[in-house]
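Here's a quick briefing to read alongside the model. Have the sequence and the 3D view open as you go.

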Amino acid sequence: MSKKLLLKDAHIEGIRHFDVYRQQGGYGAVEKALKMSPEEIVEEVKTSGLRGRGGAGFPTGLKWSFLAKPEGVARYLVVNADESEPGTFKDRYLMEFLPHLLIEGMIISSFALGANTGYIYIRGEYSWIPDILEEAIEEARANGFLGKDILGTGFDCEIYVQRGAGAYICGEETALLESLEGKRGNPRLKPPFPAVKGLWESPTVVNNVETIAAVVPIINITGSEYAKIGVGKSTGTKLISACGNINKPGVYEIDMTITVEEFIYSDEYCGGIPNGKKLKACIPGGSSVPVLPANLLLKTINGEPRLMNYESLADGGFATGTMMGSGGFEVLDEDQCIVEHTMTLARFYAHESCGQCTPCREGTPWMYKILKKINSGMGSMSDIDLLWDIQRKIEGNTICPLGDAAAWPVAAAIRHFRDEFEWHVNNPELCLAQNYGLARYADPIPAPAANA
Amino acid sequence: MSETLAFKPETLDQVHKIMRRYPEGKQKSALIPVLHIAQKEFGGWLDVPVMDYVAEVLAIKPIEVYEVATFYTMFNMKPVGKYVLEVCRTGPCMVKGSEKILDHIRHTLNIKDGETTADGMFTLKPAECLGACGYAPMMQLGKFYHENLTIEKVDEILELCRQGQAILD
Ligand SMILES: Cc1cc2nc3c(=O)[nH]c(=O)nc-3n(C[C@H](O)[C@H](O)[C@H](O)COP(=O)(O)O)c2cc1C
Ligand code: SF4
Ligand code: FES
């Protein structure tokens, strides 16, 4: 059994409400933290080794220590609940079932950062969740954990929920801040970083929902105990949202020592692939991270079992590895067409580009167009090379990482499944008939014998 | 739209409450939340007079509202049907058959993507990942998600809409 720090109480009836949450020891971490100094809390988070759960994996304690603290200027904590990366639905789960965990984490983090106001920026489509969060906020206030002079410590804290309105780019932290200021979600040039000039030009920390929730167990069990869970620089537990061709899609909390194979095939997690199909490929960290064919997914190029953590998933770089990303884990079985799948992702990025940078604005729809052409059997061999060239020219040449995020899936698909692109070029009639029989990856890995 | 465009008093209270979430002078931050409210109150889309009214309420320039309203996909720039069916079709949903769901709706309602049925009942809006990938295929209708869709489930939902019994809010 994996150790559960975040979801341990998720299935308790009524845990959404203050009284039940409190009975399970909820808000104990606030009581403990408000007796500590803000510096001590930051130190605990540093010791814990917690890395940002929004995708980039930047050490949270370090990020907090960069926050500028000019006299007389307000500081802000902004929680990134934009969650729009295809394959990712873990923050939704946390907020729907454990709203108080997020609120509790925000109170502690605000205290540590010297922020008296926090905003939860949530994607507009999650339109029933703000009600859940606002109810939790009211309950916390009614019980003296929000508002003025919390627990008689003199610390004031307010939390507001702000809805977005349908724009993936608003998950990028500076675009999020623009959106929160009532503008288009155009990412800002960095520097200045939000830690110096963020919301309304004030010092601001932007963290993912799961990151802030993880602060609660860190305070409860101490940073050093948290750091003992997991392996290497992948400390603590991670939420994985699993989807695609698996028997048990859903949100799982893992400690980052299990193998990818165990995650896919064990009944504790995904429960294997339906209908005895073979594993073809997987995108383990949200649509932006490179897709891996089954053989490279289950074992690194050195033949070691690949583990579900930051280092192991990235082992081999982009040549033979991928990334942990947001923890959006999508499994593709032998029947899935990589070209078509990549095409939907290219369409997604083309739709979501904010349009500020030429390579991203022009390159993303161009990639979609070519992929659509190849997918429908009208592509040529030179289109595959053109696609490769376009993604190369986007990567690294844009204001924000959306450009890279759009380039990587295309690059990885061509890198690992070029034969499948070529098959489409060579079999136009079969493409039109949507018969991908021959497009199956030459060598999908069979399900392991110990399929349990 | 009548010339005396105005929020209902209780809506205006709600708007003022939202404006108080931000520091003095930063009321523009309320723009997106207020546009959501305006779209809901004034017929499901944002006509120019509606946007001008929102600008007036927030004491910002109309252009500041237009540029935001046109940026975000949840704001409709033209009239939509009473029921807007937003079917996700990104990778994880595609793998689980979202195209079949889309095709079924296109056929049943005899409309193309982005179109509204002649009776003004339904609009079909293909969507990109809505964060329900594990419960695919899915669609959003009003405030809620309908997940693990099958053709039969879609038919049931359409029928509930026709009978005016689908829950949107
Ligand atoms: C295009 C794009 C979309 C992003 N979307 C999200 C998101 O939905 N949620 C999130 O937490 N971080 C997202 N990020 C990462 C944020 O910019 C930022 O790094 C993160 O919120 C920091 O929080 P963390 O350190 O706790 O991970 C996105 C980044 C990019 C470039
Ligand atoms: S990379 Fe794309 S999304 Fe990011 S700022 Fe440039 S155009 Fe906008
Ligand atoms: S891909 Fe459809 S909800 Fe994520």
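In what order do the elements of chain B run from the N terminus on? They go α-α-α-α-β-α-α-β-β-β-α, with helices (H or I, at least four residues) and strands (E, at least two) taken as DSSP runs and numbered from the N terminus.

Keep in mind that this is a predicted model, where local features need pLDDT of at least 70, side-chain atom pairs count only at pLDDT 80 or more, and totals for chains, interfaces and linings use all residues. Residues are numbered from 1 along each chain as its sequence is written, chains are lettered from A and ligands numbered from 1 in the order in which they are written, and side-chain values use heavy atoms, with hydrogens and water left out.

**Chain B**
- Chain B has seven helices and four strands.
- The C-alpha trace of chain B spans about 50 × 35 × 25 Å along its principal axes.

**Ligand 1**
- Around ligand 1 there are 18 residues, the closest being A:G54, A:N80, A:N207, A:N208 and A:T211; a residue is near a molecule if one of its heavy atoms lies within 4 Å of it.
- By class, that shell has four nonpolar, eight polar and six charged residues (Ala, Val, Leu, Ile, Met, Phe, Trp, Tyr, Cys and Pro count as nonpolar, Asp, Glu, Lys and Arg as charged, and the others, Gly among them, as polar).
- Strand β4 (residues 204-208) of chain A gives the largest share of the shell around ligand 1, three residues.
- A polar side-chain atom of A:T211 sits 2.7 Å from an oxygen atom of ligand 1, and one of A:N207 lies 2.8 Å from an oxygen atom of the ligand.
- From A:R53, a polar backbone atom is 3.3 Å from an oxygen atom of ligand 1.
- Taken alone, ligand 1 exposes 610 Å², and the protein buries 89% of that (areas by the Shrake-Rupley method with a 1.4 Å probe).

**Ligand 2**
- Ligand 2 is surrounded by 13 residues, and A:C354, A:C357, A:C360, A:T398 and A:C400 are the closest.
- Its shell divides into eight nonpolar, five polar and no charged residues.

**Aromatic pairs**
- Over all chains, the structure holds 31 aromatic pairs (rings of Phe, Tyr and Trp, the last by its six-membered ring, with centres within 6.5 Å).
- A:Y119 and B:Y22 are stacked, because their ring centres are 6.0 Å apart and their planes are at 15°; planes under 30 degrees apart count as stacked, over 60 as edge-to-face and the rest as tilted.
- A:Y119 lies in strand β2 (residues 117-122) of chain A and B:Y22 in the loop between α1 (9-19) and α2 (31-41) of chain B, so this pair joins two chains.

Notes:
A polar contact is a pair of N or O atoms within 3.5 Å; within protein, one must be able to donate a hydrogen and the other to accept it, and residues adjacent in sequence count only if both atoms are side-chain atoms.
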